[in-house]
Amino acid sequence: MPMWTIYVPENAYTRQDLQDIANVITDLYEKYVKIPRFYVSVVFHEQPTGALFMGGVPAVDFVRIWIDHVVRNLDDDTTTLWLGIIDTALAPFIRDRGFNYEIHGDETPLPFWAINGMTPPPHGSEEEKRWKADNRPSALTEA
Amino acid sequence: MPMWTIYVPENAYTRQDLQDIANVITDLYEKYVKIPRFYVSVVFHEQPTGALFMGGVPAVDFVRIWIDHVVRNLDDDTTTLWLGIIDTALAPFIRDRGFNYEIHGDETPLPFWAINGMTPPPHGSEEEKRWKADNRPSALTEA
Amino acid sequence: MPMWTIYVPENAYTRQDLQDIANVITDLYEKYVKIPRFYVSVVFHEQPTGALFMGGVPAVDFVRIWIDHVVRNLDDDTTTLWLGIIDTALAPFIRDRGFNYEIHGDETPLPFWAINGMTPPPHGSEEEKRWKADNRPSALTEA
């Protein structure tokens, strides 16, 4: 976690754009949330015309982002702040190119999460710091 | 919001069918929920045989719908009523063609939602009415 | 319900693998949760390189699983147990092949669920037993 699912019109972005967007998103979590980079999943769906609609109209200049976060009990102000940070970071790829975009996010239960069969260590723990430094999961030694 | 993700078997529907389904869904929200049409996103995934399973069997006559709504605190009776309205509206495309279908929906936190970098105006507000009349977002002047 | 959305790298699995994975998942719910097999939806997205990222890196050996369950009020211990059962069952397809994988799940409201236009019968009811035995939905006679 987090997992980003991003719907874009086919041919709106190059491969390099998608790589750059994935990097920007991953950088945000590393910088602000201090989680291991490998926690961040980004999926792109490049939708052919007629497979993505906004308001009943086939979308050609529309990016639709769906974020799933494990619950962190973000308060509303922090959520708004976070959306603003995202907005600024992605502007070169979305707003500055004249695209419309919509983002919504959900929060999912912490216990219902596993990486390589392990319950990820508590946020801020020594175990998590090791995973972060290594940028890969490894056997957990704490209970 | 709302966002509909619809899985259909490849070749089950024409492009026109998908357009018609997107229109029907968008019309429902405009008519019953009184939100701007452009709030409604519909994504279709046309799954090749062997990429969509119902009960472990490759689905050829199965439509799987996943709806995400921003929380409106729908009570259970309203949810049931809404599912009935959806069912009737989509019958010409699903039930009447002999397809099986399953729908589930989730409700996601209102603060975790943005359109073109803006927090959408409160439901029923003058700002929302303007967005609805224009069928596009515009700068917000209220706090 | 449940609905599993599984992102895999393109060419990581054969058609038969996907069929086998769908069967394993469906078997787990039949065996442990005692629900009708046809309740279980599994969607595979075979992502081309550069359309699935883990930690900003195009994923070639990464499987990302997203599970939606209708709310059953699973306690944390049961959730952990369930993730362990899943992990063991899928190991031949994921861990034993050297893939990294991440799973997260969400729980969605029970009233916001319908199959073929019907509210599925209560868990453990006679109606559900009939649906399970028939492995298909049929008209409900109870209130």
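Analyst: Two strands count as paired if DSSP finds at least two bridges between them. Helices (H or I, at least four residues) and strands (E, at least two) are DSSP runs, numbered from the N terminus. This is a predicted model, in which local features need pLDDT of at least 70 and side-chain atom pairs count only at pLDDT 80 or more, while totals for chains, interfaces and linings use all residues. Residues are numbered from 1 along each chain as its sequence is written, with chains lettered from A and ligands numbered from 1 in the order in which they are written.

User: What makes β3(B) and β2(C) a pair?

Analyst: Strand β3 (residues 52-54) of chain B and β2(C) share three bridges in the antiparallel sense.

User: Why is β2(C) called mostly covered?

Analyst: Five of the seven residues in strand β2 (residues 41-47) of chain C are buried. A residue is buried if 20 or more other C-beta atoms, placed from the backbone, lie within 10 Å of its own; 12 or fewer make it exposed, and anything in between partly exposed.

User: What makes the sheet an open one, and which strands are at its edges?

Analyst: The seven strands run β7(A)-β6(C)-β5(C)-β1(C)-β2(C)-β3(B)-β4(B), with mixed pairing. β7 of chain A and β4 (57-58) of chain B are the edge strands, as each pairs on one side only. At one end, β7(A) joins strand β6 (residues 100-108) of chain C through three antiparallel bridges, with Ile115(A) opposite Glu102(C). At the other end, β3(B) and β4(B) share two antiparallel bridges, and Met54(B) has Val57(B) as its bridge partner.

User: How do you know that α1(C) and α2(C) meet, and what kind of residues do they use?

Analyst: Ile21(C), Val24(C), Leu28(C) and Tyr32(C) of α1(C) meet Ile85(C), Ile86(C), Ala89(C) and Leu90(C) of α2(C). Contact requires C-beta atoms, placed from the backbone, within 7 Å. Eight residues of this contact are nonpolar, with no polar and no charged ones. By class, Ala, Val, Leu, Ile, Met, Phe, Trp, Tyr, Cys and Pro are nonpolar, Asp, Glu, Lys and Arg charged, and the others, Gly among them, polar. The axes of α1 (residues 15-33) and α2 (residues 76-90) of chain C come within 10 Å and cross at roughly 145°.

User: How many residues does each chain give where B touches C, and which element of B gives the largest share?

Analyst: Chain B gives 25 residues and chain C gives 30. β6(B) leads on the chain B side, with eight residues. That side divides into nine nonpolar, nine polar and seven charged residues. β6(B) also pairs with strand β7 (residues 113-115) of chain C over three antiparallel bridges, where His104(B) stands opposite Trp113(C).

User: And how many does each give where A touches C?

Analyst: There, 30 residues come from chain A and 25 from chain C. α1(A) contributes the most to the chain A side, six residues.

Definitions and conventions: Axes fitted to C-alpha atoms, helices over the stretch in contact; angles between N-to-C directions. Contact = placed C-beta atoms within 7 Å.
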